[in-house]
Amino acid sequence: MTWSTRQLAELAGTTLKTVRHYHKLGLLEEPERAPSGYKRYDVRHLVRLMGIRRLTDLGVPLSDIPTVAAADARSTEILRALDAELAANIERQQHMRRQLAAILEDGASLDLPADFGAAAATLPRAQQDLLVAYSSVLTPSAMSVIRDQYTRPRDEVAEEFEHLPADAPEDVRRRLAAHLAAEVRAQRADHSFITDLDAASRRNGKLTRSVVTQALITFYNEAQLGVLRHLHDLLEQEEADGGADGDSRDGRDGKGEQDHSGDPDPPRVTPGATG
């Protein structure tokens, strides 16, 4: 009993085109032909075709099927590599599903970097845009610290900074800077990058500084930038004095009295310090 190409394809759950393609690649041996010229397939062709279908269903590339089917020394290596690839794909898809769940169930923002959760979704748009820009240059560990800052309940001063109007008076800017300086001092013992942008960067230092500088200038208003300039000065003064007692000046002497017409200094203005 023999079968036509169409019958063989039906038995194996595939198509005429696929059978012909396997013949062309040399994966499936050409059968003998009947006097009429039609191909005559037997059970050996069916078993071979079913074996090819089994391997393709497992994801084995057609080019590797002869090696795997022959069970030679490389077949195990090929299958292990395929298994590792599948595991990576599964993890990637599970990660995507977790992100979708955070968006659908927890209200996380589509605009924020992954894993920032629903709490950060309530930030003003400018703050969200800053986080997106930072994610292009900061290390995952640095972004994780920033994420933790934003997902914690924010105090009144942090909320005030986030919604600070551009015409906020100087005394308000200095007060906010003093508060943020205290937070930076508390954080930098555990996270060195709080006052060292280089330690938080996964890019070229110059490129990182350009991204951070442009993001700050673009997404913060003049009053917020003024707060960051005062913060920079307080940290610089403390470092010069060799201790934290410089915050008692609250920026009212030394560098605190200088004209801050320039941009904030990115290496001393830490992304996320206002969280």
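Colleague: How many residues does helix H9 have, and what does it reach from its first C-alpha to its last?
Modeller: Helix H9, residues 170–188, has 19 residues and reaches 26 Å between those two atoms, close to the 27 Å expected at 1.5 Å a residue. Keep in mind that this is a predicted model.

Colleague: Which residues of H9 are buried?
Modeller: The buried ones are Val-172, Arg-173, Arg-174, Leu-176, Ala-177, Leu-180, Ala-181, Glu-183, Val-184 and Gln-187.

Colleague: And what covers them?
Modeller: The cover includes helix H7 (140–151), helix H8 (156–162) and helix H12 (222–241).

Colleague: What about Ala-182, buried or partly exposed?
Modeller: Ala-182 is also in helix H9, and it counts as partly exposed because its relative accessible area is 35%, between the 20% and 50% cut-offs.

Colleague: What is Leu-231 in contact with, leaving aside its neighbours within four places in sequence?
Modeller: Leu-231 is in contact with Ala-177, Leu-180, Ala-181 and Val-184.

Colleague: Let's talk cores. How many residues are in the largest nonpolar one, and which have the most contacts inside it?
Modeller: The largest nonpolar core has 37 residues, and Phe-116, Tyr-134, Leu-138, Leu-216 and Leu-231 have the most contacts inside it. At least two residues of this core come from each of helix H6 (125–135), H7, H8, H9, helix H10 (197–200), H11 and H12. H12 supplies the largest share, 7 residues. There is another core apart from this one, with 18 residues, including Tyr-41, Leu-49, Leu-55 and Val-68.

Colleague: Switching to Thr-208. Where is it found?
Modeller: Thr-208 is in helix H11, residues 205–219. Its relative accessibility is 1%, so Thr-208 counts as buried.

Colleague: What does the side chain of Thr-208 make a polar contact with?
Modeller: The partner is the side chain of Ser-201, at 2.5 Å. Not counting residues up to four places away in sequence, Thr-208 touches Val-137, Leu-197, Ser-201 and Arg-203.

Colleague: Now Ile-65, buried or exposed?
Modeller: Ile-65 lies in helix H4 and is buried, with a relative accessible area of 0%. Apart from neighbours within four places in sequence, its contacts are Leu-27, Ile-52, Leu-55, Thr-56 and Val-60. Leu-55 is also among the residues of the 18-residue core. As for Gly-51, its C-alpha is separated from that of Ile-65 by 9.4 Å, and the two are 14 residues apart along the chain.

Colleague: Which loop is Ala-71 in?
Modeller: Ala-71 is in the loop between helix H4 (65–70) and helix H5 (75–104). Ala-71 has a positive phi of about 55 degrees although it is not a glycine. With a relative accessible area of 58%, Ala-71 is exposed, because exposed means over 50%.

Colleague: And Asp-42, where is that found?
Modeller: Asp-42 is in the loop between helix H2 (16–25) and helix H3 (43–57). Asp-42 counts as buried because its relative accessibility is 18%, with the cut-off for buried being under 20%. Asp-42 and Ser-4 are 38 residues apart in sequence and 9.2 Å apart in space, C-alpha to C-alpha.

Colleague: Zooming out, what does the secondary structure come to?
Modeller: The protein chain has 12 helices and 0 strands. Of its 275 residues, 41% are buried. Among contacts between residues at least 6 apart in sequence, 60% join residues at least 24 apart. The chain exposes about 15300 Å², with carbon and sulfur atoms supplying 51% of that.

Colleague: Last one: what is the mean pLDDT, and where does pLDDT stay under 50?
Modeller: The mean pLDDT of the protein chain is 83, and 85% of its residues reach 70 or more. Over residues 244–262 pLDDT stays under 50, and the model has 32 contacts beyond four places in sequence for them. Residues 264–271 are also below 50, with 30 contacts in the model beyond near neighbours in sequence.

Methods. Residues numbered from 1 in each chain as written. Predicted model: local features only at pLDDT ≥ 70, side-chain atom pairs only at ≥ 80, totals over all residues. Heavy atoms only, no water. Helix = DSSP H or I, 4+ residues; strand = E, 2+ residues; numbered from the N terminus. Expected span 1.5 Å × (residues − 1). Buried < 20%, exposed > 50% of the residue type's maximum accessible area, 1.4 Å probe, protein only. Contact = heavy atoms within 4.5 Å. Polar contact = N/O pair within 3.5 Å; in protein donor to acceptor, adjacent residues only side chain to side chain. Core = buried A, V, L, I, M, F, W, Y, C linked by side-chain atoms within 4.5 Å. pLDDT = per-residue confidence, 0-100. Areas by Shrake-Rupley, 256 points an atom, 1.4 Å probe, with all protein chains shown as cover.
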